[in-house]
Amino acid sequence: MWKIDTGAHDHGLETPQAGSVTFNGEDLSSLSGARLKAIRRGFQMVFQDPYGSLDPRQSVVRIVAEPLRLEGGRPSSAERRRRVEEALGAVGLSARDADKYPHEFSGGQRQRIALARALITRPALIVADEPVSALDVSVQAQVLNLLLDLRDEYRLAYVLISHNLAVVEQVCDRLAVMYLGRFVETGPTAEIFAAPAHPYTRMLLAAMPGLDPAARIKRRKIADPAPPPPGGCSFAPRCAFATDRCLHQSPDLRTLPSGHRVACHHAESVLAGS
C-alpha cells in the first residue's frame, strides 16, 4: 500500500524566518501541493546517522522505494523492485540485499542504502549532512569515493554539510564557511584552503591534523566563545584581529582581489599573517 502524505507536511518541516530557499529558480517556501511535490523529485537528503535514518521495521526494498511516491502514479511491484535493485547496484549493494532489514548491515552499508534511497528519483541535487562522520575512517574513504563516483556518473550536485575540512577538501569544489549562522567566507575550496581570509577559517584549518608541521597555518590564540556584540561582528569576541570597529559594525561579505568573498573588516591583515 502506498500512502501520500498531505496537510502538515505540504509546506515542508521548516519555513524560513528570513531570506529564501530556491531550487531551479523557484522559492520553495512559496510552493505547496502538487507543485511542491513535483519539484521535490529534483533533490534528496542523506542524513548523518546511518542507524537512525533507516526504519528498522521496514525492509530495504520499502525504504529505498519510499521516494517514488513523490513522482505521482503508482508503479507496479515489478517496476518498483527493478528500480530499487538498480539503485542498490549503483551504490555497490546486490539485489539480494533488497529483502533484508537495516540491522543486517554495517554502518557503511546502511549509508549506501541511504544513498540508494536518495538516488532512486534521479535527483539533480543531494544534500548530505555529515554523511561519513558516524563511520570508521576506512569506511569513510569508501563512502567518499562512492559519492565522487556517483557525482560523475549521475551528474549530481552535492550540498555537503561537514565539520571535517579534510572531507570538504576532497569532495567540494566550492566552500562556504559559517559562524553562528552566517557565512563568513565563500569561494573555490582550493583557493580558500591556500589563502584563508577570515580568522575563523584560519582557526579551522589550523586545527586540521597533518604530518607536515611546516605546512600548517600559523596558529593564533583564539578566545573562548562569547556572546557577540550587538550590531558588531559575531566573531569579534574571539578574534585576535578585532578592533573597535568590529565591536560596533557587522562586516558584509565583500569580494577580494582573489575573487572569493569574506565578511571581515581586516581580511587583508589576516592574509598578510600579521
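How exposed is arginine 81, in terms of relative accessible area? Arginine 81 is partly exposed, at 26%, where partly exposed covers the range between buried (under 20% relative accessible area) and exposed (over 50%), computed with a 1.4 Å probe on protein chains only. The model is a predicted one, in which local features need pLDDT of at least 70 and side-chain atom pairs count only at pLDDT 80 or more, while totals for chains, interfaces and linings use all residues. Residues are numbered from 1 along each chain as its sequence is written, and side-chain values use heavy atoms, with hydrogens and water left out.

Side chains of opposite charge can pair when their charged atoms come close. A salt bridge is taken here as a side-chain nitrogen of Lys or Arg within 4 Å of a carboxyl oxygen of Asp or Glu, and the whole structure holds 10 of them. In one, arginine 81 meets glutamate 85 with an N to O distance of 2.8 Å. Both residues sit in helix H3 (residues 77–90), 4 residues apart, and so are separated by about one helical turn; helices (H or I, at least four residues) and strands (E, at least two) are DSSP runs, numbered from the N terminus. Glutamate 85 is also partly exposed, at 30% relative accessibility.

Arginine 82 has a relative accessible area of 42%, and glutamate 86 has 34%. Elsewhere, arginine 254 and glutamate 268 form a salt bridge with closest N and O atoms 3.0 Å apart. This pair links distant parts of the chain, with arginine 254 in strand E8 (residues 254–255) and glutamate 268 in helix H10 (residues 267–272), 14 residues apart. Shared partners also join Glu79, Arg82, Glu86 and Arg122 into one network of salt bridges.

Turning to the strands, E4 (residues 125–129) and E5 run parallel and are joined by 5 bridges; two strands pair if DSSP finds at least two bridges between them. Leucine 125 has alanine 157 of E5 as its bridge partner. Strand E5 (residues 157–161) has Tyr158 and Leu160 on its covered face, and Ala157, Val159 and Ile161 on its uncovered one.

Helix H4 (residues 107–119) is mostly covered, with 12 of its 13 residues buried. Its buried residues pack against strand E3 (43–46), helix H2 (60–65), H3, E4 and H5. Among them is Ile113, which, leaving aside neighbours within four places in sequence, is in contact (heavy atoms within 4.5 Å) with Leu54, Val60, Ile63, Val64, Leu93 and Phe105.

A nonpolar core is a set of buried Ala, Val, Leu, Ile, Met, Phe, Trp, Tyr and Cys residues joined through side-chain atoms within 4.5 Å. The largest has 63 residues, of which Val64, Val84, Leu88, Val91, Ile113, Leu119 and Leu150 touch the most other members. H5 gives this core its largest share, 7 residues. Another core, of 7 residues, lies apart from it and includes Leu28, Leu36, Ile39 and Leu125.
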